[in-house]
Amino acid sequence: MFQQRLTARLWRLVCAALICVGITPQADAATISVPLPAGSELLREQETPLDTLLLPTGPVSGDNVPTRAVEGRIHRRSWRISDDLSPLEVLAPIRTALKKRGFQEVYACTAQACGGFGFRFAIEVIPAPDMAVNLSNYEFLAAEQPETGTAVSLLVSRFGGSIYVQMLERHDPSQSLRPSGGPSNGGRDTSDGAEFGSDITDAAEQALLVDAIKKGGSLTTGAIRDLLLLQGRVPLLDLEFDTASTQMGEGPFDSLRQLAEFLDQNKSATILLVGHTDTVGGLEGNIALSRRRAISVRERLTTRYGIDGGRIQVAGAGYMAPLAPNTTETGRETNRRVEAVLVTP
């Protein structure tokens, strides 16, 4: 199933990242300069001497996103651009510059042609706040320079009032490198590398962040909105689901109230509700159960809060993306949840 392959890929990325030490290139080390609009802000820069980049070679197909693994020195950067340009207007000059340097296109697509939600969550994405992806408004390009084997993966998306650009590069690992003394060009360094490529890590961070902003059992005002805008997704952890049940408690649930307020105040916003389960039972049954949980949350939002159901998509992930260990009742209770993903802001 797609969720199982996706989770396996994410774990491989997490394990690879955990054993790498971030380094910053010397001035003479080969990195690719790209044409970006004036005022572009470098948010993140990280380099590892030997790592694997999974280079997408096609759109979502059935349960999988085809990729080709390339090993070498991996350089990761992201930028934010405060401009009214579209993602394609930002990507086009970069693509032209790469072609002039001898790069050949491996695969290129726009959001829905890529596979939307499935494609974005199957590829490596630098975590928020240093990269944000609007699931319905992004451009992707993978390219390779045959003579040197240099490969790049580019992701450009408009999220809110900004354009976010992510560039992942594979270089010959024999190039000279030095231990990092800090981030270059003002970007934030992530020397442990543990964040990159892991939606499982992102989910755990979400859970910790939500727990940190709880006060007296209730979410602080605006917490759901802030997490949606910051990370593009948020777990609704105060909902109550029994094992094998699709029915929520009567509530009221503060996360749903805040989510409804966000949708009411942002009339163009659409969301995807993703249901999750604990590990009791088989995978296929839990995927179906988790989707029905997402449907029950949509029904609560439409009947109690008057939100248009057409603005709410639903999906089920079963037990493939736990927030907590399933070895305890507390952990299983946490994993029986629904997450909201911001599709369009």
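Good morning. I begin with the disulfide that joins Cys-109 to Cys-114, with an S to S distance of 1.8 Å. Please bear in mind that this is a predicted model. A search of the whole structure finds one disulfide, so my remarks on that topic concern this pair, for which the cut-off is a pair of cysteine sulfur atoms within 2.5 Å. Which hand does the disulfide have? The torsion about the S-S bond of Cys-109 and Cys-114 is about 100°, and the disulfide is therefore right-handed.

Four strands make up an open sheet, and their order is E11-E14-E12-E13, with mixed pairing. At the edges lie strand E11, residues 233-235, and strand E13, residues 312-316, each of which pairs on one side only. From one strand to the next, the twist averages 20°.

Strand E12, residues 270-276, and strand E14, residues 337-344, run antiparallel and are joined by seven bridges. To give a specific position, Leu-273 has Ala-340 in E14 as its bridge partner.

Finally, which helix packs on the sheet? Helix H8, spanning residues 283-305, does so, touching E12, E13 and E14. The direction of H8 makes about 160° with that of E13.

Thank you.

How values were computed:
Residues numbered from 1 in each chain as written. Predicted model: local features only at pLDDT ≥ 70, side-chain atom pairs only at ≥ 80, totals over all residues. Heavy atoms only, no water. Pairing = 2+ DSSP bridges. Helix = DSSP H or I, 4+ residues; strand = E, 2+ residues; numbered from the N terminus. Axes fitted to C-alpha atoms, helices over the stretch in contact; angles between N-to-C directions. Contact = heavy atoms within 4.5 Å.
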